[in-house]
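Please look through the sequence and the structure shown here before reading on.

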Amino acid sequence: MDAKEISLDEKQVKPVVDMLNDYLANYHIHYQKLRGCHWNIKGQNFFTLHIKFEELYTNAQLTIDEIAERVLTLGKPPHSRFADYIKESSIKEINTIGMKDLDMVDAVLDDMAKLIELERELLEATDKAGDDGTNDMVNRFMQFKEKNTWMLRSFAGKK
């Protein structure tokens with residue numbers, strides 16, 4: 001299958017597919033960071049953050065699947081190797097063992113800011129390509145992160 005099967009122009013969609021694969025790489029590193037935070041959280045905020053990190057990684061897992069399936073819908077293969085994720089992601093791995101709870105929140109907030117930045121770029125590219133399906137999907141993902149950014153910032157006492 002290729003993009004023309006869903007009435008999209010292959011040349012216009014290529015930049016979207018490339019950006020989606022980059023987005024997928026970043027999401028995988030973010031997902032693993034959330035797992036590490038969930039597994040290694042300690043301290044007074046354990047119960048609250050343990051549950052929140054699980055909610056976030058569960059959502060990230062579903063999001064990753066949707067991103068990969070969208071790449072396939074557009075007629076291209078999604079990245080599927082950790083070597084590619086690590087190489088292409090601007091979000092970097094961290095060691096969450098022994099990390100303070102609010103430092104974990106800050107790390108997650110940094111990732112969300114980067115993902116929102118990528119989402120805004122994707123929204124522009126999908127608009128230019130006339131790819132409403134990808135645009136709707138990415139917009140939904142961005143809204144989830146915007147809300148959770150507000151919640152985590154409020155939790156951490158940030159403006």
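A salt bridge is a side-chain nitrogen of Lys or Arg within 4 Å of a carboxyl oxygen of Asp or Glu. The model examined here is a predicted one, and a search of the whole structure finds 11 salt bridges in it. Side chains of opposite charge can pair when their charged atoms come close.

One of these salt bridges joins the side chains of R70 and D131, with a distance of 2.7 Å from N to O. Because R70 belongs to helix α2 (residues 46-73) while D131 sits in the loop between α4 and α5, this pair ties together parts that are 61 residues apart in sequence. R70 and D131 are both buried.

K145 is a residue of helix α5 and E119 a residue of helix α4, so that the pair ties together parts lying 26 residues apart in sequence.

Are these two residues, K145 and E119, buried or exposed? K145 has a relative accessibility of 1% and therefore counts as buried, and E119, with a relative accessible area of 0%, is buried as well.

Since K14 and D18 are 4 residues apart in helix α1, about one helical turn separates them.

Buried means under 20% relative accessible area and exposed means over 50%, with partly exposed in between. K14 therefore counts as partly exposed, at 47% relative accessibility, and D18, with a relative accessible area of 42%, is partly exposed too.

## How α1 packs against α5

Helix α1 (residues 10-40) packs with helix α5 (residues 132-155) at an angle of about 30°, and the axes of the two helices are 13 Å apart. Angles under 35 degrees count as roughly parallel, and α1 and α5 are therefore roughly parallel to each other. The crossing that α1 makes with α5 is left-handed.

Which residues of α1 and α5 meet? On the side of α1 they are V16, L20, Y23 and Y27, and on the side of α5 they are T134, M137, V138, F141 and K145. Sorted by class, the contact of α1 with α5 has 7 nonpolar residues, 1 polar residue and 1 charged residue.

## How α1 packs against α4

The axes of α1 and helix α4 (residues 101-129) come within 10 Å and cross at roughly 165°, and that angle makes α1 roughly antiparallel to α4. The crossing in which α1 passes α4 is left-handed. The residues in the contact of α1 with α4 divide by class into 17 nonpolar, 5 polar and 7 charged.

## The loop residue I97

Where does I97 lie? I97 is found in the loop between α3 (82-88) and α4, and because its relative accessibility is 65%, I97 counts as exposed. Although I97 and G36 are 61 residues apart in sequence, their C-alpha atoms are 7.7 Å apart in space.

Terms used:
Residues numbered from 1 in each chain as written. Predicted model: local features only at pLDDT ≥ 70, side-chain atom pairs only at ≥ 80, totals over all residues. Heavy atoms only, no water. Axes fitted to C-alpha atoms, helices over the stretch in contact; angles between N-to-C directions. Parallel < 35°, antiparallel > 145°, perpendicular 65-115°, else oblique. Left-handed = near helix turned anticlockwise from the far one by under 90°. Contact = heavy atoms within 4.5 Å. Nonpolar A, V, L, I, M, F, W, Y, C, P; charged D, E, K, R; others polar. Buried < 20%, exposed > 50% of the residue type's maximum accessible area, 1.4 Å probe, protein only.
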